[in-house]
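Trainee: I should like to work through this protein with you, one question at a time. May we begin once the sequence and the coordinates are on display?

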Amino acid sequence: MVKIEGTLDEIRELIGDVKRTTRSVKSTTKKVAKAAKGTSRKLSAWQRYIKNKSNHIKFKRGDKKGRLDLKRMSAAFKRSRKK
C-alpha cells in the first residue's frame, strides 16, 4: 500500500495524471488490437468446414449430448474431399 501525503489539490493533481495516463494506455491498446486484427491469414479447408453451421454433427445422447462430434465430422469432411 502506498501512503500519499500532501494537500488536497496536490493529490487531485496526481490522481488526474493517473487517469489521463490510463485513458491513453486504453486508447493505444485498442489501436494496436485493431491493427493486429486487420492482418489475418486464410483459413484452412477444415477450419472453413467447421465454421459452416450446416456441417455440425452433434452428440444426441449421453454426457456429451449437444457437443460437436468431431470424429464423425472429420470422417464426413474426408469423404467430401474425395470427390
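Mentor: The questions below concern a predicted model.

Trainee: What is the mean pLDDT of the protein chain?

Mentor: As the model is predicted, confidence is the first point to consider. Of the residues of the protein chain, 88% reach a pLDDT of 70 or more. The mean pLDDT of the chain is 85.

Trainee: Which element of the protein chain has the lowest mean pLDDT?

Mentor: Where pLDDT is low, predicted coordinates should not be read in detail. Helix α2, residues 45-51, has the highest mean among the elements, at 96. The lowest mean, 75, belongs to residues 8-38, that is, helix α1.

Trainee: How much of the protein chain counts as buried?

Mentor: The chain exposes about 8,100 Å², and carbon and sulfur atoms supply 56% of that area. A residue counts as buried under 20% relative accessible area. Of the 83 residues, the buried share is 8%.

Trainee: Is Asn55 buried or exposed?

Mentor: Asn55 lies in the loop between α2 and α3. Its relative accessible area is 19%. Because the cut-off for burial is under 20%, Asn55 is classed as buried.

Trainee: Which backbone oxygen does the side chain of Asn55 reach?

Mentor: Leaving aside residues up to four places away in sequence, Asn55 touches Met73 and Tyr49. The side chain of Asn55 comes to 3.2 Å from a backbone oxygen, that of Tyr49.

Trainee: With which residue does Arg72 form a salt bridge?

Mentor: Side chains of opposite charge can pair when their charged atoms come close. The structure holds 1 salt bridge. In this pair, the closest N and O atoms are 3.8 Å apart, and the partner of Arg72 is Asp69.

Trainee: How far apart in space are Arg72 and Ile57, C-alpha to C-alpha?

Mentor: Not counting residues up to four places away in sequence, Arg72 touches Lys58 and Ile57. Arg72 and Ile57 are separated by 15 residues in sequence. Their C-alpha to C-alpha distance is 7.1 Å.

Notes:
Residues numbered from 1 in each chain as written. Predicted model: local features only at pLDDT ≥ 70, side-chain atom pairs only at ≥ 80, totals over all residues. Heavy atoms only, no water. pLDDT = per-residue confidence, 0-100. Helix = DSSP H or I, 4+ residues; strand = E, 2+ residues; numbered from the N terminus. Buried < 20%, exposed > 50% of the residue type's maximum accessible area, 1.4 Å probe, protein only. Polar contact = N/O pair within 3.5 Å; in protein donor to acceptor, adjacent residues only side chain to side chain. Contact = heavy atoms within 4.5 Å. Areas by Shrake-Rupley, 256 points an atom, 1.4 Å probe, with all protein chains shown as cover. Salt bridge = Lys/Arg side-chain N within 4 Å of Asp/Glu carboxyl O.
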